[in-house]
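Trainee: Hi! Could you walk me through this protein with me looking at the picture?
Mentor: Happy to, just ask away.

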Amino acid sequence: MRYALIGCGRISPNHIAAAKNNELEIAAICDIDPSCMEDKALKFGLGEEVKRYIDYIEMIETEKPELVAICTESGKHAQIALECIAHGINCIIEKPIALSIKDADAIIAAAVKHHVKVSACHQNRFNKSVQIIREAVDMKRFGRMFYATAHIRWCRDHEYYSRAPWRGTWEQDGGALMNQCIHNIDLLRWMMGNEIEEVVGMTDKLNHDYIEAEDMGIALIKFKNGSYGIVEGTTDIYPRNLEETLYLFGEKGTVKAGGQSVNVIEEWRFSDLLDDPEAVKERFHENPPNVYGYGHTPLYADVINAVKNDRQPYVTAMDGKRALELVLAIYKSAAENSVVKLPLSDCATTDFIGRFQ
């Protein structure tokens, strides 16, 4: 399967590695900064047969890839995805899938119209720990679900933001919740049944006066099934990333996944006693080198299989929209000091320009 990468920044090595691990034919890479392309090409031994482009439209029209990964700044995801989809190209779109409900809906509709597969890159769904938790949810081992909490306690310093001026801007990124926390927010919504009734949020900018958006957000979520969710996310932790944890509390079960990116089972308690908690902790423990984890390779494998077998990917464009919608609902609640009902008909990060001025 011919593959191309659009955007050769911070996350691109995970995508190139996943493409190589799945034996894709890497036809081309694209970035407006040629030095970024050459850096990744050198790191992964991509020879002259892998073409370099600074114009992604020229690339897709010339190389005609069957699958592209879109890894640019977030504010460009929708525009690039829609162009690729219109050319009949299957897409893996880095999170967030877009920065507005309108754009997310456009991507979903276009994928149907042009009969292509689109996957939102929420790779943590493929963590071993997350997979075993999801299995327990599907088996209804928790009984009635009471509530879940997602904690993202990370550090992002001035150097991180200065390396890419789009970071922390409303037009191209959003803040901590949209960029750093959206993976765990996605997991919380997914585990709790997806359907949300209302959201109450508070956001603030406590320690990054050089960005536009928030560096801390807290939210309460009421799900339509009667359960609740709590989100606490920040990039203010000193002096380095501390943890990303997901708790699930039910009538008959309690689970905690922690580590750098919910890749370690730390608590596993079920009334049915179907498995040995210590054995589960040992078997489903991963220790990735960074917060991105190991999920990109299985996500790519799933998308490739979805294309070949004409089925929906494990993580769909609609899943990407759901994660985006929840973050936007938190932003809207915080900005308006109100309870926000879902679904959101239209909302975008640009609605909040000037929020912290």
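Trainee: How much space lies in the largest pocket?
Mentor: About 880 Å³. Keep in mind that this is a predicted model.

Trainee: Which residues lie nearest the centre of that largest pocket?
Mentor: Those are Gly9, Cys71, Thr72, Glu73 and Trp166, out of 39 residues that line the pocket. Helix 2 (34-44) and helix 4 (77-86) are the elements that give two or more residues to this lining. Helix 4 gives the most, with 3 residues.

Trainee: And how does the lining of the largest pocket divide into nonpolar, polar and charged?
Mentor: There are 17 nonpolar, 10 polar and 12 charged residues.

Trainee: What about the second largest pocket, how much space lies there?
Mentor: About 180 Å³. It is lined by 14 residues, and Gly75, Lys76, Leu99, Asp103 and Glu171 are the closest to its centre. By class, that lining has 4 nonpolar, 7 polar and 3 charged residues.

Trainee: Switching to the sheet: what order do its strands have?
Mentor: The order is 13-12-11-7-10-9-8-14, in an open sheet of 8 strands with mixed pairing. The edge strands, strand 13 (264-270) and strand 14 (340-341), each pair on one side only.

Trainee: In which sense do strand 8 and strand 9 pair?
Mentor: Antiparallel, over 8 bridges, with strand 8 covering residues 196-204 and strand 9 covering 216-223. As an example, glycine 201 has alanine 219 in strand 9 as its bridge partner.

Trainee: Which strands does helix 12 touch?
Mentor: Helix 12 (residues 317-336) packs on the sheet and touches strand 8, strand 9 and strand 14. Its direction makes about 60 degrees with that of strand 8.

Terms used
Residues are numbered from 1 along each chain as its sequence is written. This is a predicted model: local features need pLDDT of at least 70, side-chain atom pairs count only at pLDDT 80 or more; totals for chains, interfaces and linings use all residues. Side-chain values use heavy atoms; hydrogens and water are left out. Two strands pair if DSSP finds at least two bridges between them. Helices (H or I, at least four residues) and strands (E, at least two) are DSSP runs, numbered from the N terminus. Contact means heavy atoms within 4.5 Å. Axes are lines fitted to C-alpha atoms, for helices over the stretch in contact, and angles run from 0 to 180 degrees between N-to-C directions. On a 1 Å grid over the protein atoms alone, a cavity is a set of points where a 1.4 Å probe fits but cannot get out, and a pocket is an open set with protein on both sides within 12 Å along at least five of seven lines; lining residues have an atom within 4 Å of a point. Grid points are joined across faces, edges and corners, and a volume is the space filled by probe spheres set on the points. Ala, Val, Leu, Ile, Met, Phe, Trp, Tyr, Cys and Pro count as nonpolar, Asp, Glu, Lys and Arg as charged, and the others, Gly among them, as polar.
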